[in-house]
Each structure stands twice: as structure tokens, then as C-alpha cells.
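This report describes the structure shown below, taking up its surface, its overall build and its charged pairs in turn.

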Amino acid sequence: MVTVAIFGSSVSAAHAVGSEAAADIVNQRAASELDRVAGAGTANQVEGAVDGAVGTVKRGIGTTKDSLDMDSSADKLDGATDQLKGKVKRDVGRAKGATADAADDAEDAASGVVESIKDFFN
């Protein structure tokens with residue numbers, strides 16, 4: 001069986017051996033690896049971009065249904081919700097990245113202070 005991992009976004013993922021829990025684990029590991037390789041918060045930013053794109057498509061479907069005189073309110077609402085969810089996830093990802101950068105900067109500064117003190121007493 002093939003497993004498709006899309007970081008738990010609103011795009012449904014195939015389930016490994018029919019287990020939703022297994023699919024969640026695969027998604028979490030993929031997100032952790034992406035964050036490790038590309039930097040903290042990257043997985044959230046990718047999820048947010050996917051959710052935003054899905055929301056745009058859903059809103060487009062709603063607009064198309066409007067032009068065909070079909071009920072489109074659910075599609076438009078779902079689309080707007082997904083777009084908002086995507087924006088929030090992107091913002092969370094950016095915040096995680098900024099936090100990790102600030103922590104690295106603080107660690108570098110602290111190391112510099114420690115080295116300066118060692119040099120002073122040597």
C-alpha cells in the first residue's frame with residue numbers, strides 16, 4: 001500500500017495499512033525532518049501554503065457555482081476557513097523560525113561573554 005504524507009493539511013492523506021494513527025505518525029515525522037533540514041517552522045509554513053491554496057480553490061468553486069445559480073455558500077465558507085487556517089499556520093511557522101533564530105543568537109552572545117571572561121582571567 002502506498003502512503004501519501006501531506007503534513008496533516010486539509011488534503012486527505014492515504015492511510016498506511018488503513019490506520020489513521022499510522023498516517024499521523026508519518027506526517028509528524030515528515031514535518032520534524034523538514035524542520036530539522038530546512039529550519040524551524042518550515043513544516044508549518046508548507047502546511048499553511050497548502051491550506052491557503054486549497055481554500056483558494058474551494059472559494060473558486062463557490063464562485064463558479066454562483067455563476068451557475070447553484071448553492072455555493074458552503075464552498076465559499078470552507079474556502080475562506082481554509083485560507084485563514086493557512087495564514088495562521090504560515091504565521092506560526094514564521095514565529096517558530098524567528099524564535100529559533102533568536103535562541104541561536106542568544107546562545108552565540110552568551111558564548112562570547114563566557115570567552116571574554118575566560119580571556120580576562122588568563
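## A nonpolar surface patch

In this predicted model, Val113, Ile117, Phe120 and Phe121 make a nonpolar surface patch of about 490 Å². Val113 belongs to helix H3, which covers residues 73–121. With a relative accessible area of 47%, Val113 is partly exposed, whereas Phe120 and Phe121 are both exposed.

The structure holds one aromatic pair. The ring centres of Phe120 and Phe121 lie 5.1 Å apart with the planes at 85 degrees, so this pair is edge-to-face.

## Overall build

The chain has three helices and zero strands, and its elements run α-α-α from the N terminus on. Of its 122 residues, 21% count as buried. The chain exposes about 8,000 Å², of which carbon and sulfur atoms supply 60%. Among contacts between residues at least 6 apart in sequence, 54% join residues at least 24 apart.

The buried residues of H3 are Asp75, Gly79, Asp82, Gly86, Lys89, Gly93 and Gly97. These buried residues pack against helix H2, residues 42–67.

Nine salt bridges are found in the whole structure. One of them joins Asp82 and Lys58, with the closest N and O atoms 2.8 Å apart. Because Asp82 lies in helix H3 and Lys58 in helix H2, the pair ties together parts that are 24 residues apart in sequence. Asp82 counts as buried at 6% relative accessibility, while Lys58 is partly exposed, with a relative accessible area of 27%.

A salt bridge also forms between Lys65 and Asp75, whose closest N and O atoms are 2.7 Å apart. This pair links distant parts of the chain, with Lys65 in helix H2 and Asp75 in helix H3, 10 residues apart. Lys65 is partly exposed at a relative accessible area of 24%; Asp75, at 18% relative accessibility, counts as buried.

Lys85 counts as partly exposed at 34% relative accessibility. Elsewhere, salt bridges that share partners join Glu47, Asp51 and Lys89 into one network; Lys89 is also among the buried residues of H3.

How values were computed. Residues numbered from 1 in each chain as written. Predicted model: local features only at pLDDT ≥ 70, side-chain atom pairs only at ≥ 80, totals over all residues. Heavy atoms only, no water. Patch = residues over 30% accessible without salt bridge, like charges linked within 9 Å, V, L, I, M, F, W, Y side chains within 5 Å. Areas by Shrake-Rupley, 256 points an atom, 1.4 Å probe, with all protein chains shown as cover. Salt bridge = Lys/Arg side-chain N within 4 Å of Asp/Glu carboxyl O. Helix = DSSP H or I, 4+ residues; strand = E, 2+ residues; numbered from the N terminus. Buried < 20%, exposed > 50% of the residue type's maximum accessible area, 1.4 Å probe, protein only. Contact = heavy atoms within 4.5 Å. Phe/Tyr/Trp six-rings, centres within 6.5 Å; stacked < 30°, edge-to-face > 60°.
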